[in-house]
Amino acid sequence: MIADLHNDMLTALSPREYAGYLDGIKEYASPVLAIWSTRIDVAPGFLGNLVSAVPKEFARFALEDAHFLGKQSLELLSEIPLLYAGLTWNDDNALAGGAKAGTSKGLTERGKAVIREAERLGIAVDTAHLNRKSFFDVLDYAQGKLLCSHCCFDAVYSHPRNLTDEQIKLIVSRGGIVGVTSESSFLTKGNAAYTDVVRHIDYFVQKFGCDNLAVGSDFNGCTPPDGLNDYPSFSVLTDALEKIGYTQSDIRKIFRLNAKKFFADRF
């Protein structure tokens, strides 16, 4: 069973399709369902209505891009039980700088207020999608749990959304967790394959160990690599990792136990 830190089902599917999709994956994965709010009008009551069709056993939610909290009440954060919240998507907003905006905008005073409210509610702060300046500002300011929900690693393939070794080291030092993603453009140049995911996993583990690495597939919101387009196909990763010396204990940590520990058994 895979504990997936990031799945965009809520954005990609209609509410009437939720149950069928979740029934099809329940033997393979327990995902965090991300609310990608970048291009929607988040009015009071919206978040609760969006997730009301999700069966209770899958009620694990995250907020991707808290841009609307730059103008609306911070109380919206408490409308549903979130495991984590990210300040931006790829663009700058009123809270912080986005990874692909091409600016050096940092964490704003409103962004600090959102972090304080998230931490008061026990919501972890997600650093995915932040530019480098905002990332380091968040690490300096935040006091609670930190993660990067879905990314790959800049030393393997350079991309604005991938973490540098310095960033990984800081998250690990704070007891945070990093979710390796299946987005092809983060994995390599050109056509990506599941073996590229293996390369990123192995790089992280060889340099930082396997206690802070998890899965952040970004399924329903990514272009997956060849051979890894759904949860059942994760068996190819298991086989490939075993062939290069990973034990079942190592693989269980990466695929489930690290996320379960970080979120205090919410999986």
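I call a residue buried under 20% relative accessible area, exposed over 50%, and partly exposed in between (1.4 Å probe, protein chains only). The model is predicted, so I take local features at pLDDT of at least 70 and side-chain atom pairs only at pLDDT 80 or more, while totals for chains, interfaces and linings use all residues. Residues are numbered from 1 along each chain as its sequence is written, and side-chain values use heavy atoms, with hydrogens and water left out.

**Helix α10**

I took helices (H or I, at least four residues) and strands (E, at least two) as DSSP runs, numbered from the N terminus. In α10 I looked up the buried residues: Ile 251, Ile 254, Phe 255, Arg 256, Asn 258, Ala 259 and Phe 262. Next I checked the length of α10, residues 248-262. The expected span is 1.5 Å times one less than the number of residues. I noted a kink of about 55° centred on Ile 254. The bend there is the angle between axes fitted to the seven residues ending at a residue and the seven starting there. Just after α10, Ala 264 has a positive phi of about 50°.

I also found the charged end of Lys 145 over the ring of Phe 262, 4.8 Å from the ring centre. My rule: NZ of Lys or CZ of Arg within 6 Å of the ring centre and within 35 degrees of the ring normal.

**Aromatic pairs**

I paired rings of Phe, Tyr and Trp (its six-membered ring) with centres within 6.5 Å; planes under 30 degrees apart are stacked, over 60 edge-to-face, the rest tilted. I counted ten aromatic pairs by this rule. Phe 219 and Tyr 231 are edge-to-face, at 5.0 Å centre to centre and 70° between the planes. Both sit in the loop between β8 (213-215) and α9 (235-243), twelve residues apart. Phe 219 is buried at 5%, and Tyr 231 is buried at 3%. Phe 219 also pairs edge-to-face with Phe 234, centres 6.1 Å apart and planes at 80°. Phe 234 is buried too, at 4%. Ring pairs join Phe 219, Tyr 231, Phe 234 and Phe 255 into a cluster.

**Strand β7**

I found both faces of β7 (residues 177-180) covered: Ile 177 and Gly 179 on one side, Val 178 and Val 180 on the other, all buried. Strands pair if DSSP finds at least two bridges between them. β6 (residues 146-151) runs parallel to β7, with three bridges. Cys 148 has Val 178 as its bridge partner. β7 and β8 are also parallel, over three bridges. There Gly 179 stands opposite Ala 214.
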